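Subject: Structure handover

Hello,

Here is the structure for you to look over. My notes on what was found in it follow below.

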Amino acid sequence: MTKADLVQEISKQTGIDRNEVLMIVEAFMETVKGSLSNGKNVYLRGFGSFIIKRKAEKTGRNIGQNTTLVIPAHNVPAFKPS
């Protein structure tokens, strides 16, 4: 399901105009993204959690140049269903 499909379905179920639903969905996504970028997890009871996972430093390979490089530790957003 795409974002457009989600907006269409919510609009159909609630009777709210598609443009208003789109603004709400966009605001929700921006809020979640902002919270995660600030290091805060988002918990939605009965649905799941948007969390930040810490990935350890590891060694990677560039096959095209036949070189080895170090990928530093970094944070990755993830979703954990409840």
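First, a term: a crossing is left-handed if the near helix is turned anticlockwise from the far one by less than a right angle, and right-handed if clockwise. Helix 1 passes helix 2 in a right-handed crossing. Helices (H or I, at least four residues) and strands (E, at least two) are DSSP runs, numbered from the N terminus.

This is a predicted model, where local features need pLDDT of at least 70, side-chain atom pairs count only at pLDDT 80 or more, and totals for chains, interfaces and linings use all residues. Residues are numbered from 1 along each chain as its sequence is written, and side-chain values use heavy atoms, with hydrogens and water left out.

The helix pair

Axes are lines fitted to C-alpha atoms, for helices over the stretch in contact, and angles run from 0 to 180 degrees between N-to-C directions.

Contact means heavy atoms within 4.5 Å. Helix 1 brings Lys3, Leu6, Val7, Gln8, Ile10 and Ser11 to Arg18, Val21, Leu22, Val25, Glu26 and Met29 of helix 2. Seven residues of this contact are nonpolar, two polar and three charged. Here Ala, Val, Leu, Ile, Met, Phe, Trp, Tyr, Cys and Pro count as nonpolar, Asp, Glu, Lys and Arg as charged, and the others, Gly among them, as polar.

The strands

Two strands pair if DSSP finds at least two bridges between them. Three strands form an open antiparallel sheet in the order 1-2-5. Strand 1 (42-44) and strand 5 (74-81) are the edges. The twist averages 30° from one strand to the next. Eight bridges join strand 2 (residues 48-55) to strand 5. Lys55 stands opposite His74 in strand 5. Helix 2 lies across strands 1, 2 and 5, at about 35° to strand 2.

Strand 3 (residues 58-62) and strand 4 (residues 67-71) pair antiparallel over five bridges. Thr59 has Val70 as its bridge partner, and Arg61 stands opposite Thr68. Four residues separate the strands of this hairpin, where Asn66 takes a positive phi near 55°.

Aromatic pairs

Rings of Phe, Tyr and Trp (its six-membered ring) pair if their centres lie within 6.5 Å; planes under 30 degrees apart count as stacked, over 60 as edge-to-face and the rest as tilted. The whole structure has three such pairs. One of them, Phe28 with Phe50, is edge-to-face, at 6.5 Å centre to centre and 65° between the planes. Phe28 lies in helix 2 and Phe50 in strand 2, so the pair ties together parts 22 residues apart in sequence.

Best wishes
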